[in-house]
Amino acid sequence: MVLRSPEFIFITLSMLAAIVIITSQDALGGSASDIFEGNLTGDVGPGQSSPLKEMNFSETTEAYSHEGILEATIIIDEHEGMVGNEQVKAITYNGSLNGPTLHVKPGERMVLYYVNKLDQPTNIHFHGLHVSPLGASDNIFRVIGPGETAKYVLDIPIDHPEGTFWYHSHLHGLSTVQVGGGLSGLLVIEGLEDLLPDALHNITQQTFTMRGFPWHYWHLNYTSPTYQTINGEINPVVSISPGETQLWRFANIDPGTFYNITLPGHTFRVIEEDGNPVWKVWDTKYLVIAAGKRFSALVTGGENGTYPLKMLPYRGVLRTHILR
Ligand SMILES: [Cu+2]
């Protein structure tokens, strides 16, 4: 194997990704910014810890199926907004740094109207889905030109695994820059909780989509002001009660960044990996999440307190996920 420098990058991450507050729900006040204790690369300080007040990107939305069909319109456009203290231009799905989260069940149909308002072509791929790659389905060879609207129709097989997937632009030659620019989002094939013991069927679920932003194509070295975002936010606040078990889905929807996350004092009980329920549940204190990878884990809240969901340094020579 020949090492060519642009395709190999050293990644060093040492940053805080989210604040987890463990307390009874009643006691949750507006104290999130008071307990903020760190920052990412850049100058995000106390008071800017949770939703990006000054940022004019929209919040992540959720789209659910209705009577067997999930119908959604996804508009692709450029938007400017603030991330940390930096004015950035992003390519967004529906104005958000994080595309809408699509929820669909095995056996259902997904109908998406994909509206390209960019001045360049694009398309969409549904990462990991076991569906037809032809026609108006998960066809990565379709080209949706500037100003065009495409209708995508995907039939999810009745025996499709329940798990966490994602979607992103996949136009050859442009996809890495478009995904890094913001064109990716989460897709959940529902039903994972039904495989859990009865007591957990109504378990509270939270999703964490991670991406570095702004994304620098060949300069991902963290001397550049790249912020690690979760659900399109910096340092969001997550709450869970002592002893409560929740289902957390982690998805790395970035085209190149690796994450190594840990929640001090807690264990991730992994129940799904890359869209498949695991054969054997396993426990870990650290989850290394490569670009494109997903995990679902059960997390049980420990003692009252505030815990940073940390991204640890991840050092190594990594081949970037070149999507071209
Ligand atoms: Cu993919």
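Which residue in S15 is the bridge partner of Gln 206? In this predicted model, the partner is Trp 248. The pair belongs to the contact between strand S12 (residues 205–213) and strand S15 (residues 245–252). These two strands run parallel and are joined by 6 bridges.

The chain holds 324 residues, of which 42% count as buried. Its secondary structure comprises 1 helix and 22 strands. Among contacts with a separation of 6 or more, 78% link residues 24 or more positions apart.

S12 and S15 are part of an open sheet of 6 strands. The strand order is S13-S12-S15-S20-S17-S18, and the pairing is mixed. Strand S13 (227–230) and strand S18 (276–284) form the edges, each pairing on one side only. From one strand to the next, the twist averages 25 degrees.

Another open sheet contains 5 strands, in the order S3-S6-S11-S10-S8. Its pairing is mixed. The edges are strand S3 (62–64) and strand S8 (125–127). Each has a single partner strand, so one side of each is left without a neighbour in the sheet. Here the twist averages 25 degrees from one strand to the next.

The pairings within this sheet can be followed strand by strand. S3 pairs with strand S6 (residues 101–104) in the parallel sense, over 3 bridges. Within that pairing, Leu 102 of S6 is the bridge partner of Ala 63. S6 also pairs with S11 in the parallel sense, again over 3 bridges. Leu 102 has Leu 187 as its bridge partner in S11. Strand S10 (residues 163–168) pairs with S11 in the antiparallel sense, over 6 bridges. In S10 and S11, His 168 stands opposite Ser 184.

How many residues of strand S11 are buried? The count is 6 of the 6 residues in strand S11 (residues 184–189), so the strand is largely enclosed by the rest of the structure. Both of its faces are covered. Ser 184, Leu 186 and Val 188 are buried on one side, and Gly 185, Leu 187 and Ile 189 are buried on the other. Leu 187 is in contact with Leu 102, Phe 126, Phe 165, Trp 166 and Tyr 167, leaving aside neighbours within four places in sequence.

In soluble globular proteins, nonpolar side chains tend to be buried together.

Most residues other than glycine have a negative phi. Glu 67 has a positive phi, near 50 degrees. Asn 94 likewise has a positive phi, of about 50 degrees, although it is not a glycine. Glu 67 lies in the loop between S3 and strand S4 (69–83). Asn 94 lies in the loop between strand S5 (86–93) and S6. Is each residue buried or exposed? Glu 67 has 5 C-beta neighbours inside 10 Å and so counts as exposed. Asn 94 has 21 C-beta neighbours inside 10 Å and so counts as buried.

Terms used: Residues are numbered from 1 along each chain as its sequence is written. This is a predicted model: local features need pLDDT of at least 70, side-chain atom pairs count only at pLDDT 80 or more; totals for chains, interfaces and linings use all residues. Helices (H or I, at least four residues) and strands (E, at least two) are DSSP runs, numbered from the N terminus. A residue is buried if 20 or more other C-beta atoms lie within 10 Å of its own, exposed if 12 or fewer, and partly exposed in between; C-beta atoms are placed from the backbone. Two residues are in contact if their C-beta atoms, placed from the backbone, lie within 7 Å. Two strands pair if DSSP finds at least two bridges between them. Axes are lines fitted to C-alpha atoms, for helices over the stretch in contact, and angles run from 0 to 180 degrees between N-to-C directions.
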